[in-house]
Amino acid sequence: ILLIPFIYIFDKIFRGGKFISLTMKFMSKLVVWGTFSIVEVVGKSEFPHSSGNIVFVVNHQSYFDIPLILGWVDSRTRFVARENLFSVPILGIWMKMMRCIPISRKASREELRRFDNISKILIDGAIITVFPEGTRSIDGSFGKIHTSAFRPARIAKSVIVPVFLWGSHKILPRGKKTIRPTKVKIVIGEPIEFEEYSSSAPKEFAEQILARFNEMKSNNILT
């Protein structure tokens, strides 16, 4: 964590964000490996070939979900996160370095404008990760999918890639303080092109994403 300011300075010198991307990939893996957990990735071949305008839609299980995505899925991604996290010492610096996008949980016109700005970032070629449940699961079960999470992708006509995480909720269970080694599985689903969801109503598409998560879970998790 203490190295973050120095990483920020080096990235400013070399520019382009590649230094931060590679460094964060390495650091994220160290964070997970530091729990003595094992990570298995399934479906890497499904990864879209396009370089940008991609939205990873991920189920939310743990604080370790972010390093898992950075370390094993794509270290170039930016995260949509609650704005109050940006004021946390060190973490706030890290989030600014990763160009994370602040949002509020309050429904307002200002919030809609923020989501519209995310769509502009996607159109410019960004890769963004969203957790549409909005909060971490206690036992790994799926929560309510918020339709607003897909608004930027619809406007930007993005490729949506469902990513299913399993096991990260066991590393540090919600409400607990003890880290436990476990096996984590990351399942990268088949990309969903804009044409495949453009005609779906927001609620209908949210149900489709939840169905995808359930399918990915049943096909890959035995226990």
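Visitor: How is the expected span of a helix defined?

Guide: The expected span is 1.5 Å times one less than the number of residues. Take helix α9 (residues 202–220) in this predicted model. At 1.5 Å a residue, its 19 residues should span 27 Å, and its end C-alpha atoms are 27 Å apart, which agrees. Helices (H or I, at least four residues) and strands (E, at least two) are DSSP runs, numbered from the N terminus.

Visitor: What ground rules apply here?

Guide: Residues are numbered from 1 along each chain as its sequence is written, and side-chain values use heavy atoms, leaving out hydrogens and water. The model is predicted: local features need pLDDT of at least 70, side-chain atom pairs count only at pLDDT 80 or more, and totals for chains, interfaces and linings use all residues.

Visitor: Which elements have the lowest and highest mean pLDDT?

Guide: pLDDT is the predictor's confidence in each residue, from 0 to 100. Helix α1 (residues 4–14) has the lowest mean among the elements, 55. Strand β2 (residues 54–58) has the highest, 95. The chain's mean is 82, with 83% of residues at 70 or more.

Visitor: Which residues of α9 are buried?

Guide: An α-helix has 3.6 residues a turn, so residues three or four places apart point the same way. Buried means under 20% relative accessible area, exposed over 50%, partly exposed in between (1.4 Å probe, protein chains only). In α9, F205, A206, I209, F213, M216 and N220 are buried. Seen down the axis, they fall within an arc of 110 degrees, so they line one face of the helix. That arc is taken from the directions from the helix axis to the C-beta atoms. On the other side, K203, S218 and N219 are exposed.

Visitor: What is the strand order of the open sheet?

Guide: Two strands pair if DSSP finds at least two bridges between them. Seven strands form an open sheet, ordered β1-β7-β6-β2-β5-β3-β4, with mixed pairing. β1 and β4 are the edge strands, each pairing on one side only. α9 packs on this sheet, touching β1, β2, β6 and β7 (contact: heavy atoms within 4.5 Å).

Visitor: Why is β3 largely enclosed?

Guide: Four of the five residues of β3 (residues 78–82) are buried, so the rest of the structure largely encloses this strand. β3 pairs in the parallel sense with β5 (residues 127–130), over two bridges. There, I128 in β5 is the bridge partner of R78. Three bridges join β3 to β4 (residues 101–103), again parallel. V80 stands opposite I101 in β4.

Technical notes. Axes are lines fitted to C-alpha atoms, for helices over the stretch in contact, and angles run from 0 to 180 degrees between N-to-C directions.
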